[in-house]
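Here are my notes on the model you sent over. Have it open beside you as you read.

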Amino acid sequence: MTTAETSAGVLPAMAEVPAAELRVAVLGVGMMGADHVARLYSRISGVSVVSVSDAFTEKAEQVAAAVPGCRVVGDPLAAIADDDVDAVLIATPGQYHQEQVLACIERGKPVLCEKPLTMDAGSSLALVRAEDEYAARTGRRLVTVGFMRRFDPEYAELKALLDAGGLGEPLLVHCAHRNAAVPPHFTSEMMVSDSVVHEVDVARFLLDEEIAAVTVLRPRATRHAVAGQSDPLLVLFETTGGRMVDVECFVSTGVGYEVRTEVVGEDGSAMIGLDQSLVRQAGGASGATRSTSIAPDFRQRFGRAYDIELQRWVDAARRGEIDGPGAWDGYAAQAVCAAGVDALRTGRRTPVRLADREEVVR
Ligand code: ISE
């Protein structure tokens, strides 16, 4: 691999695009990473998972054992550096992302990083800049952030409708984001940074503009809330174009995984997320009923989105491109979530401090 000096250090010039299968290392094989490994192996074409790495070696060995030719590498940075690895999928805990994504950029390797891109807006912006320097030299971008909802067929249809002007000017977006339950360590801050972050990306994606301010309200808490936490929350985004997006985030409903988004425009409205699969009608002692099922968690609700996301990531990486939300989207989401956490703590409307995109990304 050829290298060249840049202000960011020694970076490879144009990493070769593999003619054959994309050889991928998966870092972090907890619930999400293990799911990605199984999906890459069984459903995605043009790719092979050649290594996995995880702080829990036993778990890594168990995941690797199910994929022929996959080995366990103890040090994630060694897995990234490996000459037999063309691209990297990062599903480690968020505090490791900054170092690992930067190592991918330094090696010229395409990377799909699960959210968050990093733990704060400043370090995410540093990655935007590092990738930007790489792109200025090579003409290629490397970083994709795992906001999978953009690949969900329903969200894609809603976006196409908006882009075609089917609702006229969009004015309002109403969102509901409900989880049946969360682990006991899940705080109200995490509801903003871990859950509402998806609506941050959805709002930016659908409306094609940035979020300028965030307000968070704490309605009466459910008795099922983790002790001391505010659940549900109501979050309001104001966009740079004066549109408003409200989000109900409720993470201990005891029901299922419910994600709905409705866009209200000048010429009509459209909603997705009604979970309209099989509708069953039945008789009974207390009268006839009509019922359908609700996905238990995000892996079922967004299973198709993950398939499409991974296939498009693999296809793009083999062409030397990226195809999906990039480093800037990861950074913008972090900046909005930081404002959201401040708004939660202070109870005040909080402006989002975002760098000037034109100055940062050329
Ligand atoms: C989780 O991290 C996710 O990304 C899910 O989509 C979200 O619904 C959940 O609240 C988060 O904890």
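1. Start with α4 (residues 97-107) and α5 (residues 121-138): their axes come within 10 Å and cross at roughly 5 degrees. That makes α4 roughly parallel to α5, a label given to angles under 35 degrees. Axes here are lines fitted to C-alpha atoms, for helices over the stretch in contact, with angles from 0 to 180 degrees between N-to-C directions. Helices are DSSP runs (H or I, at least four residues), as are strands (E, at least two), numbered from the N terminus.

2. Which residues make that contact? On the α4 side they are Q98, V101, L102 and I105, and they meet S123, L127, A130, E131 and Y134 in α5; contact means heavy atoms within 4.5 Å. By class, that gives six nonpolar, two polar and one charged residues. Nonpolar covers Ala, Val, Leu, Ile, Met, Phe, Trp, Tyr, Cys and Pro, charged covers Asp, Glu, Lys and Arg, and the others, Gly among them, are polar.

3. A word on the source: this is a predicted model, where local features need pLDDT of at least 70 and side-chain atom pairs count only at pLDDT 80 or more, while totals for chains, interfaces and linings use all residues. Residues are numbered from 1 along each chain as its sequence is written, and side-chain values use heavy atoms, leaving out hydrogens and water.

4. Next, look at α1 (residues 31-42) against α9 (residues 303-319), which pack at about 65 degrees with axes 11 Å apart. That makes α1 roughly perpendicular to α9, the term for 65 to 115 degrees. From α1, M32, H36, R39 and L40 meet G303, Y306, D307, E309, L310 and V314 of α9. The residues of this contact divide into five nonpolar, two polar and three charged.

5. Two cis peptide bonds deserve a look. One runs from K115 to P116, with omega near 0 degrees, and P116 sits in the loop between β7 (111-113) and α5. Another joins D231 and P232, with omega about 10 degrees; P232 is in the loop between β10 (211-217) and β11 (233-239).

6. Check D208 too: its phi is near 60 degrees, positive in a residue other than glycine. D208 belongs to the loop between α7 (188-207) and β10.

Key. Parallel < 35°, antiparallel > 145°, perpendicular 65-115°, else oblique.
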